[in-house]
Amino acid sequence: MYKIVRKKELNPTVTQMEILAPLVANKALPGQFIILRVDDEGERIPLTVAGTDPKEGTVKIIFQIVGETTLRLNHKQEGEEIADFVGPLGRPTETEGIKKVCIVGGGVGCAIALPVAEEFHRLGAEVTSIIGFRSIDLLILEDEFKACSDRLIVMSDDGSYGRHGNVTVPLKEMLEAGEKFDLVLAIGPGVMMKFTVLTCKPFGVPCRVSMNPIMIDGTGMCGGCRLTLVRDGKRITKFACVDGPEFDGYEVDFDEAMSRGRMYFPYERHAYDEACNLFKQA
Amino acid sequence: MALNPKKNAMPSQEPQVRAHNFNEVALGYTRELALDEAARCLNCKNKPCVAGCPVNIDIPGFIMKVKEEDFEGAYQVINKTSSLPAVCGRVCPQETQCESKCTMGIKFEPVGIGRLERYVADWHNANATGKAQAPAPNGHKVAIVGAGPSGLTCAGDLAKKGYHVSIFEALHKAGGVLVYGIPEFRLPKAIVAKEVETLKELGVDVNTNVVIGKTLTIDELFEAGYEAVFVGSGAGLPNFMNIPGEHFKGVYSANEFLTRSNLMKAYLDDPRTPIMKGGKVIVVGGGNVAMDAARTALRLGAEEVSIVYRRSMEELPARREEVEHAEEEGIVFRLLQNPVEILGFNNPENPRDERNGFVRGMRVIKMELGEPDEKGRRRPVPIPGSEYELEADTVVIAIGTSPNPLIKDTTKGLEVNRHGGIVVNEDGLTSREGVYAGGDAVTGAATVISAMGAGKVAAAAIDEYLSKK
């Protein structure tokens with residue numbers, strides 16, 4: 001069992017938890033993820049590591065309440081325990097040789113982008129962060145990004161905070177103005193990452209993306225997290241859990257990945273509603 | 001008394017009934033059947049059956065105890081060399097191992113050794129009281145990577161010798177393929193749990209949620225004071241056919257399909273882990289895993305399940321018994337056929353159509369058997385112009401796995417072959433001192449009992465290695 005040491009609501013739909021898991025805290029690097037189960041009957045869900053405190057032995061996770069499992073997780077309180085917590089899984093972000101980086105985070109993806117931005121900052125790279133949200137109510141981690149970025153641009157889709165528009169707008173302006181990034185790293189919804197890649201393409205700037213497909217074991221056994229890369233015109237199957245989660249954005253078949261991500265939508269909606277009703281009655 | 005020339009049949013659930021439930025298919029011998037079957041054993045001098053058993057169970061020895069109605073005594077004979085009798089009695093391919101060597105089998109049907117083993121193990125689990133006794137510790141620490149058949153066997157053998165054994169398992173539950181792969185109707189999970197419990201009584205630590213190669217490395221295990229490590233990390237990533245359409249929603253690897261149903265209990269009503277079920281299901285492949293996937297799909301409520309296999313029934317690698325069970329239950333065998341493309345739904349009028357991107361069928365080509373290949377199996381050759389379409393709502397691909405890279409990538413000096421399997425000598429020793437390996441991580445996908453045999457060999461070698469230290 002793994003204890004919830006701290007819990008904090010970042011906005012009405014996004015929660016941060018610090019979980020006691022010393023072995024994971026000791027090893028996890030930015031870009032890696034964990035898999036958890038809330039209780040004994042629960043499903044296994046992957047969440048990217050949002051930070052660690054190896055001294056205390058805790059791992060920070062940030063999740064959006066989108067389905068039954070995250071709803072159940074959000075119902076757990078500080079001091080309570082969850083059944084399983086395993087990791088760190090996947091490969092960490094590759095930081096070598098990167099002197100100037102642009103981190104593009106979308107929505108709850110910003111929670112994953114933050115430790116990566118912090119790591120580049122710690123390594124002495126020049127960090128530009130562009131973080132985008134639908135609206136001011138959903139804004140998270142602004143202060144944290146400010147602390148590790150040489151330049152921070154906050155975007156909102158509805159203009160309720162920061163600049164009006166999506167994250168590709170300032171990225172395109174910077175690239176057009178002749179900014180040279182060693183790497184643009186996009187982390188967020190599939191469609192956001194897809195358009196970040198398209199924005200980068202005319203400028204030939206390297207662009208990596210962090211994929212978050214449906215997973216079960218997360219250790220290279222089930223193959224559920226497979227996605228397709230297109231390399232030299234050939235389609236190659238890769239597994240996000242052991243080959244990723246970060247991939248060369250120019251190679252990823254986003255449309256396929258987004259379609260696969262919706263495989264269980266009707267089921268998930270139903271399960272979420274049922275769990276909601278259960279909690280309402282309780 | 002005249003000997004019964006035929007093996008006593010295994011009482012089973014009726015096919016029409018069992019096709020709709022996940023309860024165990026084979027019900028097990030009654031006491032009378034067990035005694036009658038045991039009476040068929042000639043207790044011959046040269047005991048060829050023992051040599052046919054990968055873990056060399058004293059087969060006539062335990063059967064003689066059954067004859068005497070000393071079932072606990074029979075269990076103790078088996079338990080001397082096998083850690084998982086209730087499992088082996090169910091999933092071992094006895095027909096190609098012990099029973100294929102049986103002297104009775106020369107003229108008649110061989111003795112039902114597997115069925116007797118199962119009877120004895122089930123009798124013990126139902127009747128034995130008292131816990132397994134942990135022996136006096138010998139002061140040595142051994143780490144086991146993976147709680148599957150090879151790891152559990154290795155752990156059991158070493159624990160019985162007084163070693164302090166810790167198992168590290170990546171998943172949340174111990175058992176490996178016995179819990180994620182083999183379905184409930186062939187191997188009830190309560191039986192696996194019981195075997196794991198027995199190991200714990202022997203003093204074995206079972207640490208779930210630890211991925212060796214990620215959470216800890218093999219080098220860190222040595223730093224933590226373990227003097228030897230056994231790697232039984234199992235088969236790895238599923239193979240795909242690399243044909244168009246494998247990304248469509250509703251295409252599963254057998255590992256994923258079975259893991260969802262078995263480990264994550266998607267077969268129960270109102271599961272937390274979803275699975276696609278119902279409609280028409282096509283399973284590609286002809287091994288035991290393909291049979292398990294097909295029979296699982298049927299029980300989940302599919303209206304039609306078929307197996308697509310590129311060779312003929314004769315070459316089908318699954319156990320005969322599993323194939324017969326599948327046929328009785330109504331699984332359709334589409335033999336000498338090979339998929340060329342998986343077809344998906346696409347409504348050009350409406351990009352938001354919910355069905356878009358889901359499987360709708362499979363294009364297959366008919367095959368004929370040509371010249372034998374280097375293994376002597378006749379190579380299937382496509383018949384030009386014979387392609388046609390099958391309807392499908394779900395496709396399960398069961399064509400094998402490739403080794404998992406996590407341990408190889410994080411263990412310096414660990415030699416692997418060109419398929420990625422860990423290289424070992426006849427004792428299970430790898431290219432690293434003190435590191436042993438066995439099971440699918442070495443051989444690629446094989447059987448539970450061969451993995452157990454490898455775990456056993458490695459346990460003996462580890463004992464010898466550490467006794468000298």
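1. A residue is called buried here when its relative accessible area is under 20%, exposed when it is over 50% and partly exposed in between, using a 1.4 Å probe and protein chains only. By that rule B:D353, at 12% relative accessibility, counts as buried, whereas B:R355, at 48%, counts as partly exposed. The side chains of these two residues meet in a salt bridge with an N to O distance of 2.9 Å, a salt bridge being a side-chain nitrogen of Lys or Arg within 4 Å of a carboxyl oxygen of Asp or Glu.

2. On the basis of the note: this is a predicted model, in which local features need pLDDT of at least 70 and side-chain atom pairs count only at pLDDT 80 or more, while totals for chains, interfaces and linings use all residues. Residues are numbered from 1 along each chain as its sequence is written, chains are lettered from A and ligands numbered from 1 in the order in which they are written, and side-chain values use heavy atoms, with hydrogens and water left out.

3. At the interface, 43 residues of chain B are in contact with 42 residues of chain A, contact meaning heavy atoms within 4.5 Å. The area buried between the two chains is about 3600 Å², with carbon and sulfur atoms giving 56% of it; buried area is the accessible area (1.4 Å probe) that two parts lose on being put together, summed over both. On the chain B side, B:N209, B:K214 and B:R272 lose the most area to chain A, and together they make up 22% of what that side buries.

4. The rule finds three salt bridges across this interface, and A:E68 forms a salt bridge with B:R272 in which the closest N and O atoms are 3.5 Å apart. Among the elements of chain B that give two or more residues to the side touching chain A are β5 (251-253) and α14 (254-261), and α14(B) gives the most, with four residues. Helices (H or I, at least four residues) and strands (E, at least two) are DSSP runs, numbered from the N terminus.

5. Within chain B, B:F22 is found in the loop between α1 (15-18) and α2 (31-38) and is buried, with a relative accessible area of 9%. The C-alpha atoms of B:F22 and B:E184 are separated by 6.1 Å, although these residues are 162 residues apart along the chain. Leaving aside neighbours within four places in sequence, the contacts of B:F22 include B:E184, B:F185, B:Y267 and B:R299.

6. B:R299, one of those contacts of B:F22, also forms a salt bridge with B:E329, the closest N and O atoms being 2.8 Å apart. B:R299 lies in helix α15 (residues 288-299) of chain B and B:E329 in helix α16 (residues 320-329) of chain B, so the pair ties together parts that are 30 residues apart in sequence. Both B:R299 and B:E329 are buried, and both belong to a network of salt bridges that also includes B:R18, B:R186 and B:D292.

7. A further salt bridge joins the side chains of B:R363 and B:E389 (3.3 Å, N to O). This pair links distant parts of the chain, with B:R363 in strand β10 (residues 359-372) of chain B and B:E389 in strand β12 (residues 388-391) of chain B, 26 residues apart. B:R363 counts as partly exposed at 24% relative accessibility, and B:E389 counts as partly exposed at 43%.
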